[in-house]
Amino acid sequence: MNFIRERIDAIKKPFGKGQKWERFAPAVNAFDTFLFVPNHTTQKGAHIRDGVDLKRTMVTVIIALLPAFVYGVYNTGYQYFIQSGLAFTFWDAMLHGALKIMPMVAVSYGVGLAIEFAFAVYRGHEVNEGYLVTGLLVPMIMPVDIPLWMVGLSVAFAVFIAKEAFGGTGMNILNPALTARAFAFFAYPTYMSGNKVWVSEASNVDGISGETVLGSLAAGNDVSYSMFDMFVGAIPGSIAETSTLMVLVGAAILILTGVGSWRIMVGGVLGAAATAFLFNLWGANALMSFNWTNQLIVGGFAFGIVFMATDPVSAAQTTKGKWIYGILVGLFCMLIRVFNPAYPEGVMLAILLMNVFAPTIDHYVVEGNIKRRKKRLNATLTPAT
Amino acid sequence: MSADITLRKGLTIPMSGIADLNISSADSADNYVVYPSDFHGVVPKMLLKEGETVLQGQPIFYSKANPEIKFVSPVSGTLTKIERGAKRRIMALSITSDGEHKAVVHKLANLDELCAADVRKHLLESGCWSFIKQRPYDVIADPSSTPKAIFVSGFNTAPLAADVPFLLSPQKEDFQNGINALAKLAPKVHLSVDASSASFLTEVSNAELHRIKGQHPAGNVGVQVHHIDPVNAGETVWVVGPVDVARIGAFFSTGIFDASQMVAVVGPVVKSPTYFKSRIGAAVAPLLKKAGINADGQIRVINGDSLSGAATHADGNLGYYNNTLTVLAEGNRFRMFGWLPFAGSKIFSMSRTSLSWLLPKRTYALDTNMNGEERALVVTGEMEQVLPMDIFPMQLIKACMVQNIEKMEGLGIYEVAPEDFALVDYASTSKIEAQAIIREALDLMIKEVG
């Protein structure tokens with residue numbers, strides 16, 4: 001270990017203060033701090049510090065994403081082989097999925113991190129770890145057959161416009177991963193919706209067609225999947241959104257470690273369940289009468305509410321605000337699903353909409369605190385009668 | 001008679017090296033030091049020159065902004081050195097003790113016969129005024145202000161902090177006397193005690209008693225003020241440390257500024273953490289030698305607790321206010337892949353991304369490593385978890401950073417002191433320096449609002 005440390009210190013020498021390559025120090029530090037937690041000691045304030053840091057927090061989110069990711073890889077292959085009627089084993093499905101998805105992950109990380117590093121060097125601050133999660137989320141919420149250049153372009157748009165233009169990590173209004181998806185959705189709608197994009201190779205091989213559950217409901221067709229299939233995730237959809245089971249495993253990790261806000265998740269489920277239940281009672285069309293429990297397990301709702309709505313930067317930040325924000329995400333998700341046939345799935349737009357309103361929610365919660373304080377002051381100023 | 005207050009937020013950091021409740025004695029070195037930096041915001045104007053002799057309790061400097069406030073010598077001897085830093089700022093005043101403790105004796109009437117103005121005058125003249133601090137701003141109280149109440153916290157919840165009832169046990173009468181003196185200065189004196197343990201403090205008269213239950217920072221007087229009688233804009237409360245109350249009490253019964261005190265030498269690297277008899281400004285080296293240090297590398301010696309104390313060094317001296325001397329190992333080492341979740345569970349973490357939460361009874365040998373680097377503010381809710389006040393800490397910190405005075409007022413800047421944000425420093429995933437931000441904001445408020 002000392003040997004490695006010495007080597008790294010030698011490599012870092014030209015990047016030190018006053019040295020030739022000083023400007024590029026953030027890029028080198030980003031790699032170094034992945035190998036070693038730095039030897040920095042407290043200089044002011046508290047002399048002791050908690051063991052947690054942003055790297056650990058972000059990597060915990062990645063661990064929580066992994067079950068859904070691995071299932072997504074499997075399901076990509078599974079859908080392909082089932083639809084094309086070929087015989088296959090578990091490993092065939094995994095291999096097929098991996099060959100499709102790994103390049104997307106590589107492109108997403110490559111493009112995103114390159115921009116992040118460039119901005120860190122430009123602004124002279126350290127590279128923030130936020131993109132580690134975004135970079136994995138982007139391919140997970142895309143349709144499997146989307147061309148790689150579209151992934152790259154969407155990522156570039158999201159990181160430039162949604163994140164760095166607002167000041168970088170911690171300052172963005174919108175969730176960057178969802179912004180990437182929204183960009184692709186509106187820029188290349190034919191690659192992002194319909195019945196030819198959700199199953200691998202569907203547009204190249206005759207006979208393969210896969211509609212999402214919500215897509216077929218919106219088109220007025222019946223749903224041919226059992227509730228068990230929908231819960232486990234053996235249905236077509238964006239890569240890693242299909243398995244509610246695996247999303248729940250991720251949710252359990254996020255809640256147990258305290259990294260994800262359970263208030264937002266519970267609020268979201270309550271909001272969506274209540275709205276969907278009311279629509280069940282109304283029952284004017286197929287989407288409305290689609291059982292409310294099924295509404296919670298199909299589409300990207302579970303994935304969105306667990307992994308995207310809980311992004312602490314773009315969500316509401318106050319405790320009360322998190323409840324309101326979560327409930328409204330659930331409510332709008334169901335509203336968009338039911339009332340807008342152009343968008344069979346509503347969770348992406350619901351979260352982006354609430355991202356925009358989160359600061360307003362927080363504003364009123366914080367304003368309540370300020371008003372309480374003013375009231376207390378006024379009470380001391382007016383003499384008791 | 002007393003209201004129970006239960007605080008659910010907060011964090012007790014389970015650090016190893018708590019002091020045994022025994023009193024040990026150590027040799028005393030003859031050099032004493034007063035650090036003007038202990039008195040935040042005070043610009044010292046010297047009353048003595050280098051080489052002049054000084055008596056215990058004799059003023060050595062006063063506050064430039066408020067000449068009534070004088071600061072006195074803890075021992076008799078010679079002012080040997082005035083150490084200056086950048087811009088000739090006075091950093092430290094060294095006094096060599098003559099070992100005789102010849103003291104200035106003030107002639108005082110019986111405390112019962114003194115009026116408020118007399119008490120105030122005697123406190124100012126004796127140097128005891130330096131023990132009275134005020135909220136807002138966490139600075140030495142302005143003698144011309146009238147507080148709506150005086151608050152004394154009878155317990156300290158900071159990690160390894162000295163046990164207050166134990167410190168006061170030889171000074172029960174002095175403490176009561178001090179409370180009596182303070183009661184003359186304000187309409188009300190509030191005394192808070194730890195609801196989970198019994199002590200003589202519950203029998204103190206002349207003060208309203210509050211039983212408080214909760215984790216750190218429940219023992220912080222600012223948190224108690226917030227729940228008992230919060231500071232509104234334009235109001236002032238005074239706060240006095242429990243040991244300093246006894247010191248004031250002793251002054252009113254003897255007429256002498258009593259600089260003696262007990263200090264707990266604590267910390268994970270201290271071999272036998274225990275209490276010592278000492279004095280304000282005494283050298284720490286003999287204490288460290290007696291208690292024993294068990295560390296391979298460098299150590300950090302802290303005047304006060306590990307969350308909001310001030311760093312000194314092994315040849316340094318005790319500060320003016322502290323009864324705790326914490327010794328930590330310097331954490332200037334690299335940890336390979338130490339950021340991995342669930343790695344390094346020997347480092348305590350409030351977050352459950354470390355396995356340390358599964359071992360609630362373990363104590364930890366914490367050091368001074370940052371355990372990460374400063375990052376943008378991402379994680380929400382963790383600051384709220386360690387601040388048991390009706391205040392939005394992240395929003396307040398952001399308002400402080402952009403110096404938005406109206407917003408700071410609205411969000412409760414008058415009710416906080418840096419020490420209340422010490423756990424925010426500790427717990428922050430983004431490693432922000434909340435105490436420093438709050439301190440700067442308070443200084444800005446003093447300048448802009450006064």
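Predicted model: local features only at pLDDT ≥ 70, side-chain atom pairs only at ≥ 80, totals over all residues.

Reader: Which strand of chain B is joined to β1(A), and how do the two run?

Author: The strand in question covers residues 335-336 of chain B, and 2 bridges join it to β1(A).

Reader: How many residues does each chain bring to the contact?

Author: On the chain A side, α2 (25-35), β1 (36-37), α3 (54-84), α11 (244-257) and α17 (347-381) each supply at least two residues. By class, that side has 18 nonpolar, 23 polar and 10 charged residues. The contact takes 51 residues from chain A and 64 residues from chain B.

Reader: Which strands stand at the edges of the open sheet in chain B?

Author: This sheet has 4 strands with antiparallel pairing, in the order β3-β9-β8-β5. A strand at the edge has a single partner strand, so one side of it is left without a neighbour in the sheet. In chain B the strands placed like this are β3 (31-34) and β5 (53-54).

Reader: What is the bridge partner of B:Leu79?

Author: Strand β8(B) is joined to β5(B) by 2 bridges, with B:Thr53 standing opposite B:Thr78. It is also joined, by 7 bridges, to β9 (residues 90-97) of chain B, and these two run antiparallel. In β9(B), the partner of B:Leu79 is B:Ile95.

Reader: Which residue takes a positive phi in the hairpin of β8(B) and β9(B)?

Author: The hairpin has 5 residues between the strands. The residue with a positive phi, near 55°, is B:Lys87.

Reader: Why is helix α4 of chain B described as largely enclosed, and what do its buried residues pack against?

Author: Helix α4 (residues 221-228) has 8 residues and 6 of them are buried, so it is largely enclosed by the rest of the structure. The buried ones are B:Val221, B:Gly222, B:Val223, B:Gln224, B:Val225 and B:His226. In chain B, the buried residues of α4(B) pack against β10 (132-135), β12 (150-153), β13 (189-194), β14 (208-213) and β15 (237-240).

Note on methods: Residues numbered from 1 in each chain as written. Chains lettered and ligands numbered in written order. Contact = placed C-beta atoms within 7 Å. Nonpolar A, V, L, I, M, F, W, Y, C, P; charged D, E, K, R; others polar. Pairing = 2+ DSSP bridges. Buried ≥ 20, exposed ≤ 12 C-beta atoms within 10 Å, placed from the backbone.
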